Amino acid sequence: AYVHIAHDCIIGKNIILANNVTLAGHIEIDDYARIGGMVAVHQFVRIGGHVMVGGGSLVRKDVPPYVMAAREPLSYAGVNRVGLRRSGFKTEDIHH
């Protein structure tokens, strides 16, 4: 369904944008990021690789690689273990 990607965004490889994701201008999303439904991302934000952003979140700050982020205000909820496992990362690499 509807996804809006504004001007000057850089979108990496193998990104999943669920329904109603809205990206403002000048956003960078690294490879293998997952963005849940109805997420709005503020301009000039950078979202790292292998990130999971929970549905309904408002992203007003950068999201570091390999983490899960959700809620309003946005908070980091640990390492995206499931996503990393599904991408083929070894358990010891995830723990590191």
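This section describes the strand pairing and the nonpolar core of the predicted model.

The model contains an open sheet of five strands, arranged in the order S3-S6-S9-S11-S12 with mixed pairing.

Strand S9 (residues 52–53) and strand S11 (residues 67–70) are paired in the parallel sense over two bridges, and Met-52 has Met-68 in S11 as its bridge partner. The pairing of S11 with strand S12 (residues 75–79), by contrast, is antiparallel and extends over three bridges. Within this pair, Ala-69 is bridged to Tyr-76 of S12, while the bridge partner of Ala-70 is Ser-75, also in S12. S11 and S12 together form a hairpin in which four residues lie between the two strands. In the turn, Arg-71 adopts a positive phi of about 80 degrees.

The largest nonpolar core comprises 19 residues. Among these, Leu-23, Ile-29, Val-41, Ile-47, Val-59 and Val-63 touch the most other members. In soluble globular proteins, nonpolar side chains tend to be buried together. When residues up to four places away in sequence are not counted, Val-63 touches Arg-46, Ile-47, Gly-48, Val-51, Ala-69, Leu-74 and Tyr-76.

Note on methods
Residues are numbered from 1 along each chain as its sequence is written. This is a predicted model: local features need pLDDT of at least 70, side-chain atom pairs count only at pLDDT 80 or more; totals for chains, interfaces and linings use all residues. Side-chain values use heavy atoms; hydrogens and water are left out. Two strands pair if DSSP finds at least two bridges between them. A nonpolar core is a set of buried Ala, Val, Leu, Ile, Met, Phe, Trp, Tyr and Cys residues joined through side-chain atoms within 4.5 Å. Buried means under 20% relative accessible area, exposed over 50%, partly exposed in between (1.4 Å probe, protein chains only). Contact means heavy atoms within 4.5 Å.
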